Amino acid sequence: MSEDVQSWIKDQVTTNDVVLFMKGTKEFPQCGFSGRVSQILNFLGVTYKDINVLADDGIRNGIKTYTNWPTIPQLYVKGEFIGGADIVSEMFQSGELQKFLTDKGVPTSKAA
Amino acid sequence: MPMEAHEIERLIKEHLPDAEVLIEALKGDGDHYAALVTSAAFAGKSRVQQHQLVYAALKGRMGGELHALALTTRLPGE
């Protein structure tokens, strides 16, 4: 695994408040799981950076090693790995995600 | 490469012997499953760590052979 990719990923997740590694883009997700997380963030009115892993195999493989997490999407908030589609959906449905974002100081357009 | 539901269940139980595993085929194509895993091994662990335990049980198949496994983890009695 290239160290450059790992430091690039680290840079992305630490310099952006909310980062979603996904298949496709937020405008055009290319996988149902990625689309689900993207929809949740859009619904909450969160500003986030989307990184399309399909555009770069180095990133696609690198992100799996970065957090020891085998699947994509992966959501990061302020450098912290939150989870994949299942965890994000579960947190969203329980209202936990909204609260978490607010606690982290990430603006959303929906009240917690 | 599709995987049979009972094979997923077997791998999880091999790694987490107390686990109750419920698997639902979402499309019947051997590739889209939902799994509900209940185990005392999840106690005190974050959701991410709970899922990582299940992924470890699946020995690298997750994200490869198993692209689409929707996963929910629970503690017994939860």
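Predicted model: local features only at pLDDT ≥ 70, side-chain atom pairs only at ≥ 80, totals over all residues.
## Helix H2 of chain B

## Where the chains meet

Chain A brings 17 residues to the contact and chain B brings 14 residues. The size of an interface is often quoted as the accessible area lost when the parts come together. Here, about 1300 Å² is buried between chain A and chain B, with carbon and sulfur atoms giving 57% of that.

As for polar links, six residue pairs are in polar contact across the interface of chain A and chain B, both residues being at pLDDT 80 or more. On the chain A side, the elements giving two or more residues are strand S4 (80-83) and helix H4 (85-94). H4(A) supplies the largest share of that side, with four residues. Sorted by class, the side of chain A that touches chain B has eight nonpolar, four polar and five charged residues. The count of salt bridges between the two chains is three. One of the pairs to look up is Arg47(B) with Glu90(A), a salt bridge whose closest N and O atoms are 3.3 Å apart.

## The nonpolar core

In soluble globular proteins, nonpolar side chains tend to be buried together. The largest nonpolar core in this model has 58 residues. Those touching the most other members are Phe21(A), Leu75(A) and Val77(A) from chain A, plus Ile12(B), Val54(B), Leu58(B) and Leu66(B) from chain B.

Zoom in on Leu58(B) and, leaving out residues up to four places away in sequence, you'll find that Leu58(B) touches Ile8(B), Leu11(B), Ile12(B), Leu66(B) and Leu69(B).

Is Gln12(A) buried or exposed? Gln12(A) counts as buried because its relative accessibility is 7%. This glutamine belongs to helix H1 (residues 3-15) of chain A, and its side chain makes a 2.7 Å polar contact with the side chain of Lys49(A). Beyond residues up to four places away in sequence, Gln12(A) touches Val19(A), Lys49(A) and Ile51(A).

Asn42(A), in helix H2 (residues 32-44) of chain A, has 42% relative accessibility, so Asn42(A) counts as partly exposed. Its C-alpha atom is 8.6 Å from that of Lys26(A), 16 residues apart along the chain.

Most residues other than glycine have a negative phi, and most peptide bonds are trans. The loop between H3 and S3 of chain A holds Asn68(A), whose phi is positive, near 55°. Asn68(A) counts as exposed because its relative accessibility is 57%. Pro73(A) is in the loop between helix H3 (57-66) and strand S3 (74-77) of chain A, and the peptide bond from Ile72(A) to Pro73(A) is cis, with omega near 15°.

Over in chain B, Lys59(B) follows H2(B). Lys59(B) sits in the loop between H2 and S3 of chain B and has a positive phi near 50°.

Definitions and conventions. Residues numbered from 1 in each chain as written. Chains lettered and ligands numbered in written order. Heavy atoms only, no water. Buried < 20%, exposed > 50% of the residue type's maximum accessible area, 1.4 Å probe, protein only. Polar contact = N/O pair within 3.5 Å; in protein donor to acceptor, adjacent residues only side chain to side chain. Contact = heavy atoms within 4.5 Å. Buried area = accessible area lost by both parts, 1.4 Å probe. Salt bridge = Lys/Arg side-chain N within 4 Å of Asp/Glu carboxyl O. Nonpolar A, V, L, I, M, F, W, Y, C, P; charged D, E, K, R; others polar. Core = buried A, V, L, I, M, F, W, Y, C linked by side-chain atoms within 4.5 Å.
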